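Me: I'd like a close look at one helix pair in this model. Please keep it brisk.
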Amino acid sequence: MPVDFTAIDFETANSHSSSACAVGLVRVRGGAVVERAEWLIRPPATHGEFLSMNIRIHGITPAMVTDAPEWGDQLQQLRDFIGADVAVAHNAGFDMGVIRGACAETITPVPKLRYLCSVQVSRKTYDIPSHRLPLAAAAAGFGEFSHHNALADAEACAAIIIDAARRHAASSVTALAKTTGLRIQTLKAIPLKL
């Protein structure tokens, strides 16, 4: 189906939401991937510690992000890539939490963003024992990929939405959400406690 959206995935240095260390972005037009982007991000010093568990998961080390842009320095590039698209993420609460947390930590305005969670779409589309990204992507016909690589994860997420739109005969991400009984969410800043 001719759906347009941008899939997004973050990797983090540790369990704090502001510790983004990589992002992968995949632009979909007419139900096909037309552009990909990925880059490293230097987490803020206050939450910049890389936990060994996280390094084992994604393979990103502190040395790799030494010269990477900080959150505020890359945010415009991120916003420009997404543009007016609905952003789609697998377990979107995590990825939107990264944006919110990193913006709060760096005192950067939270971008206006509409988003949809591909885990929720997967639950409404596939009868599988788990809706973890590798299983949901396989159900969508997306083969093996480098799980926990931000770009590969964004591509897998995109494949789920493209396939789900086809299965539900939805001509847009908004129509897909409506057909599956979901809502397009809006990213909002966390109110500051003064």
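Reply: The model is predicted, so local features need pLDDT of at least 70, side-chain atom pairs count only at pLDDT 80 or more, and totals for chains, interfaces and linings use all residues. Residues are numbered from 1 along each chain as its sequence is written, and side-chain values use heavy atoms, without hydrogens or water.

Helix α4 spans residues 118-125 and helix α6 spans residues 150-167 (helices are DSSP runs of H or I, at least four residues, numbered from the N terminus). Their axes come within 10 Å (lines fitted to C-alpha atoms over the stretch in contact). They cross at roughly 40 degrees (angles run from 0 to 180 between N-to-C directions).

α4 passes α6 in a left-handed crossing (the near helix is turned anticlockwise from the far one by less than a right angle). From α4, the contact takes S118, V121 and T125 (heavy atoms within 4.5 Å). α6 answers with C157, I160, I161, A164 and R167.

Sorted by type, these contact residues are five nonpolar, two polar and one charged. V121, C157, I160, I161 and A164 count as nonpolar. S118 and T125 are the polar pair. R167 of α6 carries the charged label.

Terms used
Helix = DSSP H or I, 4+ residues; strand = E, 2+ residues; numbered from the N terminus.
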